[in-house]
Amino acid sequence: MDKKIGFIGCGNMGSAMLGGILESGKCKPGDIMISCKTKASLDAKAEQFGVQATLDNKKVAEFSEILFLAVKPQFYEEVIAEVKDSVKKGAIIISMAPGKTLAWLSEQFGGNVKVIRTMPNAPSMVGAGMMGMCAGDLVTEDDLALVRDICGGFSETEVVAEHLMDVVTAVSGSSPAYVFMFIEAMADAAVAGGMPRAQAYRFAAQAVLGSAKMVLDTGKHPGELKDMVCSPAGTTIQAVRVLEERGMRSSVIEAVMKCLDISRQM
């Protein structure tokens with residue numbers, strides 16, 4: 001790939017995405033430029049990834065044919081105002097901010113720009129991410145295919161209607177935190193039962209990983225898979241009974257809906 005890629009911001013998510021792109025071989029380090037807020041962070045990332053690096057966001061914008069805005073949502077307006085006049089004609093701008101619509105992004109850049117709105121998630125750090133994306137009117141099918149190919153280095157991708165992007169945030173972008181809490185709770189119970197903590201984390205995490213793989217690989221309804229584990233008069237159905245009694249599913253639904261509400265207000 002001969003496209004020049006830029007990252008304005010290179011924190012945890014930006015670094016995960018950058019690392020996945022490089023590891024996949026989809027882009028050479030010399031064809032990537034990053035910017036960071038501090039020189040210490042910039043130097044560390046430049047050494048880690050071997051890419052071009054600068055403290056000047058405008059230089060990244062001037063360099064890039066595909067520009068990732070990997071800063072926190074509250075800094076988007078400030079950063080866009082800084083770089084909008086430096087963006088190359090025809091460049092693809094990729095947003096990762098919840099709540100920032102395609103219309104808002106286009107307006108901030110002064111219109112006539114190719115904008116793709118995305119929502120990655122934390123498992124991108126280990127090449128197992130899930131990313132939803134939607135594209136502005138000026139983005140061609142080839143543009144979208146190119147971005148999906150690039151992002152395929154660290155994540156599965158799926159194109160959704162823009163009105164579903166806040167749902168993507170709630171069910172995918174934020175949900176690793178819910179899953180981590182579930183793993184931690186199961187491990188705590190295992191420790192209470194006498195298992196060493198490190199071993200408890202391995203058992204709990206692998207169980208979640210394997211269960212997710214069963215859903216994806218078999219195509220079976222999660223309820224059907226749950227029933228397969230619940231033998232008559234067995235141990236599992238008693239655990240499920242307690243989870244139902246304590247409102248596990250209702251709690252998860254309400255948590256995801258709260259996340260969705262907040263995302264819509266951003």
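Contact here means that heavy atoms lie within 4.5 Å of each other. On that basis, Ser95 is in contact with Tyr76, Leu105, Ile116, Arg117 and Thr118, leaving aside its neighbours within four places in sequence. The structure is a predicted model. Its protein chain comprises 12 helices and eight strands, and 39% of its 266 residues are buried.

**Overall architecture**

- The C-alpha trace of the protein chain spans about 65 × 40 × 30 Å along its principal axes.
- Of the contacts in the protein chain between residues at least 6 apart in sequence, 62% join residues at least 24 apart.
- The protein chain exposes about 14,800 Å², and carbon and sulfur atoms supply 57% of that area.
- There are 27 positive and 31 negative side chains in the protein chain. The centres of the two sets lie 3 Å apart.

**Helix 7 and helix 8**

- Helix 7 spans residues 165–173 and helix 8 spans residues 175–192. The two helices pack at an angle of about 20 degrees, and their axes are 5 Å apart.
- Helix 7 is therefore roughly parallel to helix 8, since angles under 35 degrees count as roughly parallel.
- On the side of helix 7, the contact is made by Ala170, Val171, Ser172 and Gly173. On the side of helix 8, Ser175, Pro176 and Tyr178 take part.
- Tyr178, found in helix 8, is partly exposed, with a relative accessible area of 26%.
- Not counting residues up to four places away in sequence, Tyr178 touches Ala170, Val256 and Cys259.
- Tyr178 and Val256 are 78 residues apart along the chain, and their C-alpha atoms are separated by 9.2 Å.

**Burial of helix 7**

- The buried residues of helix 7 are Met165, Asp166, Val168, Thr169, Ala170 and Ser172.
- The elements that cover these buried residues include strand 6 (114–119), strand 7 (129–135), helix 8 and helix 12 (248–265).
- Thr169 has its place in helix 7. Thr169 counts as buried because its relative accessibility is 7%, and buried means under 20%.
- With neighbours within four places in sequence left aside, Thr169 is in contact with Pro98, Met119, Ser174, Cys259 and Ser263.

**Ser95 in strand 5**

- Ser95 lies in strand 5, which covers residues 92–95.
- The relative accessible area of Ser95 is 1%, so Ser95 is buried.
- Among the contacts of Ser95 is Ile116, a residue that Val139 also touches.

**Buried residues in loops**

- Val139 lies in the loop between strand 7 and helix 6 (141–151). With a relative accessibility of 13%, Val139 counts as buried.
- Not counting residues up to four places away in sequence, Val139 touches Lys114, Val115, Ile116 and Leu144.
- Val139 and Ala40 are 99 residues apart in sequence, and their C-alpha atoms are 36 Å apart in space.
- Asp31 is found in the loop between helix 1 (12–24) and strand 2 (32–35). At 13% relative accessibility, Asp31 also counts as buried.

**Positive phi values outside glycine**

- Asn112 is not a glycine, yet its phi is positive, at about 55 degrees.
- Asn112 has its place in the loop between helix 5 (102–108) and strand 6. Its relative accessible area of 72% makes Asn112 exposed, given that exposed means over 50%.
- Ala233, another residue other than glycine, has a positive phi near 60 degrees.
- Ala233 is found in the loop between helix 10 (222–229) and helix 11 (235–245). At 82% relative accessibility, Ala233 counts as exposed.

Definitions and conventions
Residues are numbered from 1 along each chain as its sequence is written. This is a predicted model: local features need pLDDT of at least 70, side-chain atom pairs count only at pLDDT 80 or more; totals for chains, interfaces and linings use all residues. Side-chain values use heavy atoms; hydrogens and water are left out. Helices (H or I, at least four residues) and strands (E, at least two) are DSSP runs, numbered from the N terminus. Buried means under 20% relative accessible area, exposed over 50%, partly exposed in between (1.4 Å probe, protein chains only). Accessible areas come from the Shrake-Rupley method with a 1.4 Å probe; for residues, only the protein chains shown count as cover. Lys and Arg count as positive and Asp and Glu as negative; His and the chain ends are not counted. The place of a charge is taken as NZ of Lys, CZ of Arg, CG of Asp or CD of Glu. Axes are lines fitted to C-alpha atoms, for helices over the stretch in contact, and angles run from 0 to 180 degrees between N-to-C directions. Angles under 35 degrees count as roughly parallel, over 145 as roughly antiparallel, 65 to 115 as roughly perpendicular and the rest as oblique.
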